[in-house]
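This report walks through one model, from single residues to the sheet and the core. Please keep the structure open while reading.

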Amino acid sequence: MNLQEPLKEWQADEAAVRPSLMPAGVASREQLREHAGVDFLRGIMRGELPPAPIAELLDFVPVKVEPGLVVFQGTPGPQHYNPIGSVHGGYAATLLDSCVGCAIHSLLPAGKGYTTLELKINFVRALTDKTGPIRAEGKVIHLGGQVATAEGRIVDAQGKLYSHATTTCLVFPI
């Protein structure tokens, strides 16, 4: 396979989502209560609900939402650098926290919410402004009545791993 094919597909996926997104904001408690998690996240992708302000700040977008699976895409740039010349670990941590938390959210019924209790990250290699687009893919491992776990990975268009994480989230009524 041509190495440019996945990159072109990723660019097309992002270009298809961006025009649909409404300005960043915070959903109301009522909007959170009335939507099942997967419907809430798909509503963001369709421009019916606001994406999170952090996604605007770090310039990443949802490109896939399925029950138990959420994928965000972004392109690290010099604006994400730390003083030592690489992308700050907080960029990867935020993308991973977002994708694993939203993967859990995607399985929650209406009236349920979640929050991160623990996030464990392994940084495998540095992100730079030359890395190109990356994807943070979160998958649910376990969903219980009060506790859920998920795992996430950040990869580039060639499948190279940059970091991976696990999370434990508290599930509660909204």
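Serine 86 counts as buried, at 16% relative accessibility. The model is predicted, and this holds for every value below. Serine 86 sits in the loop between β2 (69-74) and α5 (89-105). Leaving aside residues up to four places away in sequence, serine 86 touches His80, Tyr81, Ala126 and Leu127. One of these contacts, Leu127, is also among the residues with the most contacts inside the largest nonpolar core.

**The nonpolar cores**

That largest core has 41 residues. Helix α5 gives the most, with nine residues.

Which residues does isoleucine 154 touch, not counting those up to four places away in sequence? They are Ala92, Leu95, Leu96, Ile134, Arg135, Ala136, Lys160, Leu161, Tyr162 and Ser163. A second core is separate and has five residues, including Leu7, Trp10, Val155 and Ala157.

**The sheet and its helices**

Six strands form an open sheet in the order β1-β2-β4-β5-β6-β3, and the pairing is antiparallel. The edges are β1 and β3 (112-123), each of which pairs on one side only. On average, neighbouring strands of this sheet are turned by 20° against each other, direction ignored.

Strands β1 and β2 run antiparallel and are joined by six bridges. In one of the pairings, valine 65 has valine 70 in β2 as its bridge partner.

Helix α1 (residues 4-17) lies across β1, β2, β4 and β5. Its direction is about 95° to β1. Helix α3 lies across β1 and β2, and runs at about 135° to β1.

**One aromatic pair**

How many aromatic pairs are there? The count comes to one. The rings of phenylalanine 60 and phenylalanine 72 have centres 5.3 Å apart and planes at 85°, so the pair is edge-to-face. Phenylalanine 60 belongs to strand β1 and phenylalanine 72 to strand β2, so the pair ties together parts that are 12 residues apart in sequence. Phenylalanine 60 is buried at 4% relative accessibility. Phenylalanine 72 is buried too, at 8%.

**Cysteines without a bond**

A disulfide is a covalent bond between the sulfur atoms of two cysteines. A search of the whole structure finds zero disulfides. The cut-off is a pair of cysteine sulfur atoms within 2.5 Å. For cysteine 169, the closest cysteine sulfur is in cysteine 102, at 9.6 Å, again too far for a bond. Both residues are out of the solvent: cysteine 102 is buried with a relative accessible area of 12%, and cysteine 169 is buried with 0%.

**Two partly exposed residues**

Glutamate 151 is found in strand β5. Is glutamate 151 buried or partly exposed? It is partly exposed, with a relative accessible area of 40%. Beyond residues up to four places away in sequence, glutamate 151 touches Val100, Glu137, Gly138, Lys139, Ile141, Ala165 and Thr166. Arginine 125 is 26 residues from glutamate 151 along the chain, and their C-alpha atoms are separated by 18 Å.

Aspartate 59 is placed in the loop between α4 and β1. Most residues other than glycine have a negative phi. Aspartate 59 is not a glycine, yet its phi is positive, at about 60°. Aspartate 59 is partly exposed, with a relative accessible area of 34%.

**Accessibility at a glance**

The table gathers the relative accessible areas reported above.

| Residue | Relative accessible area | Class |
|---|---|---|
| Phenylalanine 60 | 4% | buried |
| Phenylalanine 72 | 8% | buried |
| Serine 86 | 16% | buried |
| Cysteine 102 | 12% | buried |
| Cysteine 169 | 0% | buried |
| Aspartate 59 | 34% | partly exposed |
| Glutamate 151 | 40% | partly exposed |

Note on methods:
Residues are numbered from 1 along each chain as its sequence is written. This is a predicted model: local features need pLDDT of at least 70, side-chain atom pairs count only at pLDDT 80 or more; totals for chains, interfaces and linings use all residues. Side-chain values use heavy atoms; hydrogens and water are left out. Buried means under 20% relative accessible area, exposed over 50%, partly exposed in between (1.4 Å probe, protein chains only). Helices (H or I, at least four residues) and strands (E, at least two) are DSSP runs, numbered from the N terminus. Contact means heavy atoms within 4.5 Å. A nonpolar core is a set of buried Ala, Val, Leu, Ile, Met, Phe, Trp, Tyr and Cys residues joined through side-chain atoms within 4.5 Å. Two strands pair if DSSP finds at least two bridges between them. Axes are lines fitted to C-alpha atoms, for helices over the stretch in contact, and angles run from 0 to 180 degrees between N-to-C directions. Rings of Phe, Tyr and Trp (its six-membered ring) pair if their centres lie within 6.5 Å; planes under 30 degrees apart count as stacked, over 60 as edge-to-face and the rest as tilted.
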